[in-house]
Amino acid sequence: MGMRGGATPHAVASAVTAAALAFVLTACGGDGEGGDDGAKPPGGANTSSSAPAAQQKPQEASTAGDPDTSKTLATVTGAGGFELVLHTAVKDQGGFLTVTGTLKNPTSQTLDAPLEWNGEELQVKKTGPSFAGATLIDKLEKKRYYVLRDTEGYPLTTTGVTTLKAGEEIVVFAQFPAPPATTTQVEFQLPKMSPATIELS
């Protein structure tokens, strides 16, 4: 499995407040899919850094702790054979929602992670392979939530995943702004994978 630099739990902890202030992702706007309204991440955020991505944060691909993999909220498939088992979707008191899962390659060949998983923002693309393209759809509130970024533009999600060998699996996470308390379920979407409705806790 290819690895590149990414946001570690330490980076998540140190930048979480700044990320919340920098990315208020609950403003309504058309998303072009089924008429749902949702929050758009600001384009080009934190573009003041001139250092190449390869020189920033030379860290291993990261995950947010050890999720309870005994739970299964949903299983999504696609992207040429990948399987993603979603384990938890937990709101915390800081106003964030962390989704965890296990990405698997159940095939007999090596699979390449789709570029679409990285997201479309220029700044995020500079940080290398990630799951910044993941989104949550709150159909009740008609809003879309994007993966949070830290103050340097790094997405608060597992990064550095480029390939999975046959039979290989890894634990992954993505952190989003938390929907309101009245929202008990959201639809998880990852490009080139089937969508899935998951319960929040």
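In this predicted model, 4 strands form an open sheet in the order β6-β5-β9-β10, with antiparallel pairing. The edges of this sheet are β6 (143-146) and β10 (196-199), each of which pairs on one side only. The structure also holds 2 cavities of 30 Å³ or more.

**The open sheet**

- Neighbouring strands of the sheet are turned against each other by 35° on average, with direction ignored.
- Strand β5 covers residues 135-138 and pairs with β6 in the antiparallel sense.
- The pairing of β5 with β6 runs over 4 bridges.
- Ile137 has Arg144 of β6 standing opposite.

**The largest cavity**

- The largest cavity contains about 80 Å³ of space.
- A total of 13 residues line the largest cavity.
- Of these lining residues, Leu84, Val172, Phe173, Ala174 and Phe188 lie nearest the centre of the cavity.
- Three strands, β2 (82-91), β3 (96-104) and β8 (169-177), each supply at least two residues of the lining.

Terms used
Residues are numbered from 1 along each chain as its sequence is written. This is a predicted model: local features need pLDDT of at least 70, side-chain atom pairs count only at pLDDT 80 or more; totals for chains, interfaces and linings use all residues. Side-chain values use heavy atoms; hydrogens and water are left out. Two strands pair if DSSP finds at least two bridges between them. Axes are lines fitted to C-alpha atoms, for helices over the stretch in contact, and angles run from 0 to 180 degrees between N-to-C directions. On a 1 Å grid over the protein atoms alone, a cavity is a set of points where a 1.4 Å probe fits but cannot get out, and a pocket is an open set with protein on both sides within 12 Å along at least five of seven lines; lining residues have an atom within 4 Å of a point. Grid points are joined across faces, edges and corners, and a volume is the space filled by probe spheres set on the points.
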